[in-house]
Amino acid sequence: MAALSIRTLSKRYANLEVLKGINLDIESGEFTVLVGPSGCGKSTLLNIVAGLDRPSAGTIEIGGRVVNDVEPKDRDIAMVFQSYALYPSMTVRQNITFGMECRHVPKAEQEAALANVARLLQIEPLLGRKPSQLSGGQRQRVAMGRALVRDPLLFLFDEPLSNLDAKLRVEMRMEIKRLHQRIGATIVYVTHDQIEAMTMATRIAVMHHGEVQQFADPDTVYRYPANLFVARFMGSPPMNTMKARLEAEDGGPVVVIGAGRPDEARLRLQGYDAAASFVGRDIVVGIRPECIAEGNRGFSGACGAPVVVNAPVEMVEPTGAETIVLLRLGGESALARIAPDIRPVPGERAAFALDTRRICLFDPETERLIA
Amino acid sequence: MPGVVRRLPEHLTIWVPLLLSAAHLVSFSLWTIWISFTPSTLVPVSGWVGLRNYTAVMATRNWKIAFDNLLLFGSAFVLLSLVAGLVLAILLDQRIRGENALRSIFLYPLAVSFVVTGTVWSWLLNPGLGIQKLVQDLGWTSFRFDWLVDRDMAIWTIVIAAIWQSSGFAMALFLAGLRSVDADLVKAAQIDGAGPIRMYRRVILPTLWPITITVIVIQLQFAISTFDLVRALTNGGPGLATQLPALVVYDLMFQRGLLGRGAAAAVLMLLILLAVLLPYAAWRYLQRRRASHA
């Protein structure tokens, strides 16, 4: 059953169209992350799903029921806010039970639900405190408790981790994921952080300019980005995208970067039948940094010798876990992730192995993925 | 040092007026305190009479009535202007049309001097001239609204005029407070299913209490020092029905020529004011200390 269906949803403020015909179907139990740069409309979409904002056109169904004209409190949803939005004058206990109090749930039931959630989130010792007496992580936990206690059809998270420091964010990320696995809730989670999207989601909706650019599982989004925007937005460092020409050689496609230059790079591809119609034309080639490695690296599952190029090194960034290298590939700059103990010298040339099986080809005009 | 020289104009603009006004305030306050311990009558004289002026002033019926009136007027005025300001602010906060115009209208009385407010209300409340006359002329001949000349009710006419004058100010502060409530808080309460009354009572109004305290203190110190409003509206009458401490000071100093007693009454007013301001200052200090610790 679809827990949430969004049909041709649009939203405009005066002359500004912030959502342009959004269609999304979210299955029950899924952890869907809406990710995109700020201003892409993801938070507006979440607010419309919650009923805090009205769509200009289109329908929203929650659990099979059209809720366009249903009040937020009757939509069977719970929401966690970026600012936590804990009621400052109430204790943690009152914050969590306030919704039940509004719905006139009997006291005994309230107590039972509160005890349950407090145990699940390990916030029992905090119940008597005010939000001002809590740390950021504790507030986050209480905000989640307030959502969990409702046991709704749909959880909405609006950038809940962006106010936490980096270390705590990673901890809470794991905790939310574990929570999802444990209670099997349906979650729609908004973030601008593509790492949160990749690590937590069962499906990612990448948004840009009020449109869903791609809606797929994290592996697909990463491996086959639907267009150049998705390719450049997901992944850190992002995918290298370079202008190139597609040629044919011995019946197979070859990507030529910097064609005609003395240092042109020719990358022979296996497969990529869908690109046949682009042979002899300009394309944009996308290579993930981890697909460019030190010259003697063998990529797992690759048959035959890897493609090795000799390229000038411009800059080296050791991160500890790996070395990021800025190199020139046929005159275009590209980032490579190589083993941490290898430090090429800037200004000199070095050998790099390329995993050509994972190269993406894009149409330079439509910016869509060709193959 | 070059920094100080470069910013000399700024320093001059701030420090010269500040020092001058502080010197005035402090020197005249000290002078008044000194006078209050002297046997001065028409002209200041030196000498020491201890607390005699104070006991004399506090023993007069005039002062007792003024003090009782201040208690009644102060609490009624502060409470009612608080409620009126809050209600206006909540109504204005409903994203209504013409909000700017209405806000200016409600705030405008603050720009009018108290003498003008007092005079206008003395006409409006005059039974033979204002509201009572109007309603009677419209046909309700038995209508009576003569609080201005009623010994028991006259103090309430001052309350009415003072509220008219300053509830707009309370409204402006409350409105600013309502507008600064975290929008997510309201959204969260909406999703929790709080209706408008519960929303205000449990979620929004509790965030306003620091503003409420500020409004109370400002209105209280206005109430304590009220002079021109009463002088123009009732001049303390009928009889002594609307006598207030500031009127007593004026009366003693400039009508009866009892400088020493007038000064003692003024110092007593200062003490009442301090009784309001010192706890407020202590509260602000604690707030700030807690904020810097958190």
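Me: Which residue stands opposite Ala293(A) in S19(A)?
Reply: In this predicted model, the residue of S19(A) that stands opposite Ala293(A) is Ala353(A).

Me: What makes S15(A) and S19(A) a pair of strands?
Reply: The two strands are joined by 3 bridges and run antiparallel. Pairing requires at least two bridges found by DSSP, and 3 bridges are present here. S15(A) and S19(A) therefore count as paired.

Me: What holds paired strands of a sheet together, in general terms?
Reply: Strands of a sheet pair through hydrogen bonds of the backbone, and the pairing is either parallel or antiparallel.

Me: Which order do the 5 strands of the open sheet have?
Reply: The order is S15-S19-S16-S17-S18 in chain A, and the pairing is antiparallel. The strands at the edges are S15 (292–294) and S18 (332–338) of chain A.

Me: Why are these called edge strands?
Reply: Each of the two, S15 and S18 of chain A, pairs on one side only. From one strand of this sheet to the next, the twist averages 50°.

Me: How do you know that S16 and S19 of chain A pair, and in which sense?
Reply: Strand S16 (residues 307–318) and strand S19 (residues 349–354) of chain A share 6 bridges in the antiparallel sense. Since the requirement is at least two bridges, the strands S16 and S19 of chain A qualify as a pair. Along this pair, Pro312(A) is placed opposite Arg349(A) of S19(A).

Me: What makes S16(A) and S17 of chain A a pair?
Reply: S16(A) and strand S17 (residues 323–329) of chain A are linked antiparallel over 5 bridges.

Me: Where is Leu329(A) found?
Reply: Leu329(A) belongs to strand S17 of chain A.

Me: With which residues is Leu329(A) in contact, leaving aside its neighbours within four places in sequence?
Reply: The contacts of Leu329(A) are Met242(A), Ile257(A), Ala265(A), Val309(A), Ala311(A) and Ala334(A). Separately, Leu329(A) and Asn310(A) lie 19 residues apart in sequence, with 8.7 Å between their C-alpha atoms.

Me: What share of the 371 residues in chain A is buried?
Reply: Buried residues account for 40% of the 371 residues of chain A. The C-alpha atoms of this chain fill a box of roughly 80 × 45 × 35 Å along the principal axes. Its secondary structure comprises 8 helices and 20 strands. Of the contacts in chain A between residues at least 6 apart in sequence, 65% join residues at least 24 apart.

Me: Which annotation covers residues 4–234 of chain A?
Reply: An unreviewed UniProt entry carries the annotation "domain: ABC transporter" for residues 4–234 of chain A. In the model, this stretch is 37% helix and 26% strand, with its end C-alpha atoms 25 Å apart.

Me: How do you know that S3 and S9 of chain A pair, and in which sense do they run?
Reply: Strand S3 (residues 31–35) and strand S9 (residues 203–208) of chain A run parallel and are joined by 4 bridges. At least two bridges are required, and the 4 between S3 and S9 of chain A meet that requirement. Val35(A) stands opposite Val206(A) in S9(A).

Me: What do S9(A) and S10(A) form?
Reply: S9(A) and S10(A) form a hairpin with 2 residues between them, and His209(A) in the turn has a positive phi of about 50°. These strands run antiparallel over 5 bridges, with His208(A) opposite Glu211(A) in S10(A).

Me: How many residues does the contact take from chain B and from chain A?
Reply: The contact involves 15 residues of chain B and 18 residues of chain A. On the side of chain B, H9(B) supplies the largest share, 7 residues. That side divides into 7 nonpolar, 3 polar and 5 charged residues. The predictor gives the complex an ipTM of 0.80 and a pTM of 0.79.

Definitions and conventions
Residues are numbered from 1 along each chain as its sequence is written. Chains are lettered from A and ligands numbered from 1 in the order in which they are written. This is a predicted model: local features need pLDDT of at least 70, side-chain atom pairs count only at pLDDT 80 or more; totals for chains, interfaces and linings use all residues. A residue is buried if 20 or more other C-beta atoms lie within 10 Å of its own, exposed if 12 or fewer, and partly exposed in between; C-beta atoms are placed from the backbone. Two residues are in contact if their C-beta atoms, placed from the backbone, lie within 7 Å. Axes are lines fitted to C-alpha atoms, for helices over the stretch in contact, and angles run from 0 to 180 degrees between N-to-C directions. Ala, Val, Leu, Ile, Met, Phe, Trp, Tyr, Cys and Pro count as nonpolar, Asp, Glu, Lys and Arg as charged, and the others, Gly among them, as polar. UniProt positions are given in the numbering used here, feature names are shortened, and annotations may be inferred rather than shown by experiment.
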